[in-house]
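Here are some questions about the labels used for this model. Each answer sets a value against its cut-off.

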Amino acid sequence: MATGSLGLNDHHQATVINYMRFARYQRSQRLRCVDACFEDLKSSRLFEDTYTVDEVTEMLDGLLTVVRGEVDEELLNTSHTNVLLLRQLFQQAEKWHLKLQADISELENRELLEKIKDFEEAEFMGTSRDTDLSALASSKLEPLNESGTTALLSMKIQELEQENEMLRSRLGNVEKQALGVSEEKSALSNQLRSKEEALKAAMNKKKGYDPAEVQELEQQVSL
């Protein structure tokens, strides 16, 4: 299969791009919430010309609490979303009795992170985050327990069928060779039997030969 910019085949790279699209949409929604927090502060609290230090401190503390809550919720949601993604991958692997491993230290590899950033910017250049979710909905992934697994199973069945065909061909050749050996063995067995019968007859003939009897017959003939 062809290998894309992420070092993955086309199918897996398309899956990564769909996840990036989903993550971009989620980020845009959270950023809207942060913007709304500031707008709410400006519209509800900033209506006087002057404020004391305590009043400004109170407003900033309140804003900090709201923004901190939004960021914490986003980070928590992102963490749980990643767990769900890993769960899907692991479930697919377990169906084929595979054990996947992950190098957690690579998640902080700045060089690789920059490459992913460049890849995302190039992939979504000129695309608004707010419209990404509609694109995601129109490019659904293959279902976990249906076509994805079925495709793998079909490939395995095809591979086994090819191996069986090769074994059948080899078995046919062996059977032909065995048949030839059997025929040769039968011919040799017949030849051996004939030789043994001829040898037995010659030995019997030799046993029946008596020189005294021959001499007596010769004397009778001479009289």
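Q: What is the average pLDDT of the protein, and what share of the residues score at least 70?
A: The average is 78, and 75% of the residues score at least 70. pLDDT is the predictor's confidence in each residue, from 0 to 100. This is a predicted model: local features need pLDDT of at least 70, side-chain atom pairs count only at 80 or more, and totals for chains, interfaces and linings use all residues. Residues are numbered from 1 along each chain as its sequence is written, and side-chain values use heavy atoms, leaving out hydrogens and water.

Q: Where does pLDDT stay under 50?
A: Over residues 131-147. The model has 21 contacts (heavy atoms within 4.5 Å) for them beyond four places in sequence.

Q: Why is cysteine 37 called buried?
A: Its relative accessible area is 12%. Buried means under 20%, exposed over 50%, partly exposed in between (1.4 Å probe, protein chains only). So cysteine 37 is buried.

Q: Why does cysteine 33 count as partly exposed?
A: Because its relative accessibility is 28%, which falls between those two limits.

Q: Which residues does Leucine 63 touch, beyond four places in sequence?
A: Cys37, Phe38 and Leu41.
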